[in-house]
Amino acid sequence: MFSQITVYARYALLLLLLVPVTVGVIGVVFPALGYFPALGEHSFSFRIFVELLNVQHIGQMIWLSLFSGVGSTILASFITFLLLAHCYQSSLLNKIQALLSPMLVLPHAAAAIALLFVLSPSGLVARFIGTITDSAMPSTTVGLFPYDEWGLSVLLVLVIKEVPFILLMALSVMAQPNNKQKLEGYQRAGTALGYSAPSTFFKLILPSIYTQIKLPILAVLVFATSNVEIPLLIGLNNPSTLSVAILHWFNHVDLSMRLLGSAASILQGVVCVLAIVVFFTVERMISWWGRRQLSTGRRNFFNRTVALLGTCTFGIYAFLIAGVVYTVVSYSFAEHWVFPRLFPEALTLLHWKTAFSAIGQPLLNTLLLGLATSVSSVVLVLLTLESEVLVPATRKAAALFSFSLFLPLLVPGVAFLYGLVWFQQLLSVHSLGFHTYIAHMVYVLPYVYLSLAVSYQRFDNRYVMVAQSLGKSPFQVFWYVKLPALLNSVLVAWALGLAISFSQYLPTMLASGGAIPTVTTEAVASVSGSSVRLTAVYAVIQAVMPLLGFVIAWTLPKLITLNRERRRTHNRKSKRISSHMSRKERLEKKVVHHGR
Amino acid sequence: MRRGLLTWFSWAFICLTVNAEVLSTPSPSQNNVSNVDTTVSPTVRFHAWGGSAQVNGYIRWLAKQLAQKHNIALQHVKLADTSDAVARVLAEKAAGNSSEGSVDLIWINGENFATMKKHGLLAPNWVDELPSFSLTSPHENPAMTTDFGEPTLGMEAPWGKASMVFYIRQTHFQQAALAPPTNLEEILAFTQQSPGRFTYPTPSDYLGISFLKYALLKLNPQHRDLFYQPVTEQALSKTLPSLWAFLDALHPNMWRQGKMMVRQASELQRLMGSGELSMAFSFTAAEIPSAVERFDLPTDIRTYAMKDGSLANVHFIGLTFNSPNKQAAKDVVNFMLSPQAQAEKQKLTVWGDDTVLDMRRLSEAQKRMFDEPLSHPSALDKSVAVPLLGEPHASWTDALRDAWYSRFGARY
């Protein structure tokens, strides 16, 4: 019975991932091939692709997407490993996790804007310099940040945004009970053989956790290669990355540009595949080099460099995040704040009032959508994972499954969302809430799956065997043994799902036709507006909302354990008390008896 | 064969639709309405750019008034880009949805209107039905029925008027001991004396293309008549060379050496606020003092119109062809054109958008609603008369933009 349900869940999940993306892609392939009846285009041909390849700077746009995507992912992975090597097994690790959380929860657009507040020519750093040099106007010299022509500033912001995510993934892998034990063993063995801490990390620990965080890293890679918000806000527009050009073509007043946009969406898919190929090549080269390092017997591995770079990264992050938090919060309360002042002239609640006067309904919509999608995703994913254990799929089915899982992450959103909306419109023009829910699920499901799958598959099967040998049903094993043990990971996955749902702009906007405003759609509308201060208010709200999810995910398990322990001790006490009572009662009864 | 297959598919979709309709849950927006009012009140979805706190605030005021007086729920769908809504209506048309559209009213003019008109996305001939529309004196005032040279054919009703104004950071000019430019040549001279302090948005933006039109009109006074007719190759080859010469001189001394240009007018105001720019321009003079009041611009901002003329146009409200609530939507537009709503909109503290009503048609009491009590140091001095430059014919917009992009490269 339970196994059957889990199999249904697997099919439901498969359909939820496959159908919207496939339909969406069809809705893009047709126009890309020149078929778009609404614009009077009825014939199929490759002329749009020819036109696309003749677009000025198209090569450079592809290069910028590749460079910023692949470059940022490699650099971010490297930095994450460096940080881990530097502080793995030291108390710094928890501090880093707390320090990076603002960057983790800030949606991409908000993060880009916040970094502009700090690093732009009129930002906080420039204000420091301006105060020292006593200049009343921001400098007009053209520097590297933002809008440089090589895509370096886009790369930088992507790195800053990716490191916390990869770190979170790595830490959640390392924190799983059986992994933890194994890794501690490696660590001890390494230390006992005289290997330095960084050396142990790079030679023993990293190889064993890397395979487990490879999937999330690939997701990051595809995301970075096709991301729109960051190059839109930080990148040059002459030319831009391919993704920004796609958005531009889809939003163009000349509606026939959508054909070009559709063709470019397919090209974007190809670029993402190319990015993966490049990434794998680099990975192969590094692992080839790394394997040779393994057997050299050298006990030290760039010890000083790792320590230095680790400390530097830590310092840079601390500075950037302090700057981001300071400027965003200050702007959200600021009255006038002229360059090069370091503090606002006065503080006001005006911007918060403006935001709150309009935020009630969007907030409610955001929470409803977020809860509906994250909870249903977690349930679906858990059941699916269980079905993989209970009713293993054939190899082909498993391959199809992992492919469909990656489909929404591999096909850039801009590529299939327009097609999906077209299909949803055909289906029903009324159920906007449902359409939006589906559009969110497409993005939430893969991340929840990725976040949960690893810890689920690594679950120590001996517990299951013990439970089974005691005669427990599959459901009982799932409910009483696995779930409590995996509570941590389940909650983190749920919080991640919540955060992903909160941050969706394009899916919400397109699927609901704007009729379901969320905090993020309001925030992006404010970004296109002229008020820095209102944008700052929305950035704070956007950062705090997903943070709440993570706070719940981090504290709830502790509370539950605490509660359980208290109950256990309480039970023990009450048992003792009851046994006392009974003896007393017996005595009393005797007395009463005697008295009679 | 191909067609046959597609028809089959669409039939399959329609069959699915029947089931989906039965299963579909009511959307949240419908729920709200029934929560707010006990009687059934129609919801009118107004798709309008949502990037300005003032405009958003004014639309909230409209919604409140409409709910009280007309029992209509007005829902402002905030757009980051108006073309999103245009695209949506087009997608609905493509999907064969001709009576259940998700967009009722849309705030447009110029190009977006031309696109919607071309693809038949707007309901025609409804504006004359509105009692308030006669207050704009449409027969004496062709600007009320022409949108960038394109006849509106009753597809959209005028909502407000705008003309181009410039604004500067006074302290920047004082420090550099420069006088604010008062015509096109002086703008160029200013960028040479103080490089990196001026820019204009890319021509995809409404304000960007407007700056180009202003320059084009001023650089070609001898060809004035050409601009008010549909554009021709000849007209372009006569007028563009002077514009290119001007821009070639301007670009290297613009913000970020002209390599990066902002995409939207609002970014221009942001850069003025941060101090990176010393001079910018806008189509809504009133948004500037109100931005100062809201602390988005510093107090040393001063607004003025160029002495050599100021580009002027009207913006409109369109009704989509597939709106399910046409009558309620018309009631909304009629209220938007009422003296009360227009006077509220013109208040500097609210939005400050100029009314489209003809003052001569109003009663004394109605006229008094338009009196503005205070003047703001950053506000435009309306007592100074400035020559108004009419918008060139709508076909110029495309031609000029395309020419600009093919000369200066696509900016995304």
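Which domains does the assignment give for chain A? I started there, keeping in mind that this is a predicted model.

**Entry 1: domains of chain A**

I read two domains off the assignment. Domain 1 of chain A covers 1–19 + 359–563, and domain 2 covers 65–241 + 273–317. I took their centres over C-alpha atoms and found 25 Å between them.

Next I looked up where the two domains meet. On one side, 24 residues of domain 1 of chain A take part; on the other, 23 residues of domain 2 of chain A. I listed the elements of domain 1 that give two or more residues to this side: helix 16 (395–410), helix 18, helix 20 (474–503), helix 22 and helix 23 of chain A. Helix 23 of chain A gives the most, with seven residues. I sorted the domain 1 side by class and got 16 nonpolar, six polar and two charged residues.

**Entry 2: chain A as a whole**

I noted 23 helices and two strands in chain A. I then checked the radius of gyration of chain A, which is 27 Å. The globule rule gives 25 Å for 596 residues, and the two values are close, so chain A is as compact as a globular protein of that length. Along the principal axes, the C-alpha atoms of chain A fill a box of roughly 105 × 65 × 65 Å.

I looked at burial too: 51% of the 596 residues of chain A count as buried. For contacts in chain A with a separation of 6 or more, I found that 81% join residues 24 or more positions apart.

**Entry 3: chain A against chain B**

How many residues does each chain bring to the contact? I found 62 residues from chain A and 69 residues from chain B. On the chain A side, I listed the elements that give two or more residues. They are helix 11 (242–250), helix 14 (350–356), helix 15 (360–390), helix 17 (413–427), helix 18 (432–457), helix 22 (519–527) and helix 23 (532–595) of chain A. Helix 17 of chain A gives the most to this side, with five residues. By class, I get 34 nonpolar, 24 polar and four charged residues on the side of chain A that touches chain B.

I cross-checked the helix lists. Helix 18, helix 22 and helix 23 of chain A are listed for the side that touches chain B, and these helices are also listed for the side of domain 1 that touches domain 2.

**Entry 4: cis peptide bonds**

I went through the backbone of chain A and noted two cis bonds. The peptide bond from Asn238(A) to Pro239(A) is cis, with omega near -5°. I placed Pro239(A) in the loop between helix 10 (229–234) and helix 11 of chain A. The peptide bond from Phe339(A) to Pro340(A) is also cis, with omega near 0°. Pro340(A) sits in the loop between helix 13 (303–333) and helix 14 of chain A.

**Entry 5: positive phi**

I picked out Tyr147(A), which is not a glycine but has a positive phi of about 60°. Its place is the loop between helix 6 (124–133) and helix 7 (152–174) of chain A. Is Tyr147(A) buried or exposed? I counted 20 C-beta neighbours inside 10 Å, so Tyr147(A) counts as buried.

In chain B I noted Arg256(B), with a positive phi of about 50°, although it is not a glycine. Arg256(B) lies in the loop between helix 9 (233–250) and helix 10 (265–274) of chain B. Arg256(B) has 20 other C-beta atoms within 10 Å, so I logged this residue as buried.

Conventions:
Residues numbered from 1 in each chain as written. Chains lettered and ligands numbered in written order. Predicted model: local features only at pLDDT ≥ 70, side-chain atom pairs only at ≥ 80, totals over all residues. Contact = placed C-beta atoms within 7 Å. Helix = DSSP H or I, 4+ residues; strand = E, 2+ residues; numbered from the N terminus. Nonpolar A, V, L, I, M, F, W, Y, C, P; charged D, E, K, R; others polar. Rg over C-alpha atoms; globule rule 2.2 N^0.38 Å. Buried ≥ 20, exposed ≤ 12 C-beta atoms within 10 Å, placed from the backbone. Domains from an automatic or database assignment.
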